[in-house]
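Hi,

Here is the structure I said I would pass on.

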Amino acid sequence: MLIDLAPGQRYRAATLTALEHASDRQRASVEVRVVATDTIDRRLVADPGTAVVIGPGSPYRNPGGVLEVVRSARERGIPLVAT
Amino acid sequence: MLVEHARDLAGILDAAHAEYGTGGTAVISLLACSLQGRTITVRLTPSSQLATLCGSLQAVEHTTCSYGLAPEMQHIADQHGMRVAAVDDTGEVRAVERTDHPFFLATLFQPQLRSAPGHPHPVFVGLLKAALARA
């Protein structure tokens, strides 16, 4: 999950909680890696994970990096939600 | 997601988000009427992935958005493999999804704010289902 909001911030917490609700429904174990956009690097762009969540809270500190992850997920068929 | 779509697929090379300044072509612009802290009713596009997930053609959602797809750019939401998945009561685009991808969805509302224990929001269920199918 790409998000710049601080831990504990309402919308960040709501997004993580929504993923928990969904994983409970799916009876799936989900590991969420929270990534601040200014730490996006080439490795993350090349391998964004099993799924990507673009969290709320723009403006992002590194909008170019967010675009690269979005492009990578689109080209690689990786599920993505942007809210 | 819309800026990437505009730049890489719609050919608007200088597509920009107005929140980052005034340069380029503003694909995302300040809403004439901010939706910050509001609850809106959205109409879901029949046969869209979002409508299928929600099992309905209408949804009530919370939004914190002050920016949205620029009025003069609404057409790009239905081009180059993207389609409109939801509009609000003014007809403006509030969600888009890709038709050439297993699951690629952007909302101009915040579905996470409607999720509750035992009642997960369909958007996040859809994301996890797609991820599990790919794993």
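Among the contacts in chain A between residues at least 6 apart in sequence, 68% join residues at least 24 apart; two residues are in contact here if their C-beta atoms, placed from the backbone, lie within 7 Å. Before I go on: this is a predicted model, in which local features need pLDDT of at least 70 and side-chain atom pairs count only at pLDDT 80 or more, while totals for chains, interfaces and linings use all residues. Residues are numbered from 1 along each chain as its sequence is written, and chains are lettered from A and ligands numbered from 1 in the order in which they are written.

Chain A

Chain A has three helices and two strands, and from the N terminus on they run α-α-β-α-β. Helices (H or I, at least four residues) and strands (E, at least two) are DSSP runs, numbered from the N terminus. The C-alpha trace of chain A spans about 30 × 30 × 20 Å along its principal axes. Its radius of gyration is 12 Å, which agrees with the value near 12 Å that a compact globule of 83 residues would have. That radius is taken over C-alpha atoms, and the globule rule is 2.2 Å times the number of residues to the power 0.38. Of the 83 residues of chain A, 39% count as buried. For burial, I count other C-beta atoms within 10 Å of a residue's own, all placed from the backbone: 20 or more is buried, 12 or fewer is exposed, and in between is partly exposed.

Two backbone details are worth a look in this chain. As background, most residues other than glycine have a negative phi, and most peptide bonds are trans. The peptide bond from A:Ser58 to A:Pro59 is cis, with omega near 10°, and A:Pro59 sits in the loop between strand E1 (52–54) and helix H3 (63–76) of chain A. A:Arg27 is not a glycine, yet has a positive phi, near 50°. You will find A:Arg27 in the loop between H1 and helix H2 (42–46) of chain A, where it counts as exposed because it has 6 C-beta neighbours inside 10 Å.

Chain B

Chain B comes to three helices and eight strands, in the order α-β-β-β-α-β-β-β-β-β-α along the sequence. The radius of gyration of chain B is 15 Å, close to the 14 Å that the globule rule gives for 135 residues, so chain B is as compact as a globular protein of that length. Its C-alpha trace spans about 45 × 35 × 25 Å along the principal axes. Buried residues make up 48% of the 135 residues in chain B. As for contacts in chain B with a separation of 6 or more, 51% of them are between residues 24 or more positions apart.

B:His80 also has a positive phi without being a glycine, near 55°. B:His80 is in the loop between strand E5 (67–69) and strand E6 (82–87) of chain B, and is partly exposed, with 15 other C-beta atoms within 10 Å. Another loop residue is B:Ser34, between strand E2 (25–30) and strand E3 (38–44) of chain B. With 14 C-beta neighbours inside 10 Å, B:Ser34 counts as partly exposed. The C-alpha atoms of B:Ser34 and B:Tyr67 are separated by 7.4 Å, although the two are 33 residues apart along the chain.

Where the chains meet

On the interface, 36 residues of chain B are in contact with 30 residues of chain A. On the chain B side, helix H1 (2–8), strand E8 (104–107) and H3 each supply at least two residues, and the largest share, ten residues, comes from H3(B). By class, the side of chain B that touches chain A has 22 nonpolar, eight polar and six charged residues. Here Ala, Val, Leu, Ile, Met, Phe, Trp, Tyr, Cys and Pro count as nonpolar, Asp, Glu, Lys and Arg as charged, and the others, Gly among them, as polar.

Helix H1 (residues 10–26) of chain A and helix H3 (residues 122–134) of chain B pack at an angle of about 60°, with their axes 9 Å apart. The axes are lines fitted to C-alpha atoms, for helices over the stretch in contact, and angles run from 0 to 180 degrees between N-to-C directions. That angle makes H1(A) oblique to H3(B); under 35 degrees counts as roughly parallel, over 145 as roughly antiparallel, 65 to 115 as roughly perpendicular and the rest as oblique. The contact residues include A:Ala18, A:Leu19 and A:Ala22 of H1(A), and B:Phe124, B:Leu128 and B:Leu132 of H3(B). By class, this contact has seven nonpolar, three polar and two charged residues.

Cheers
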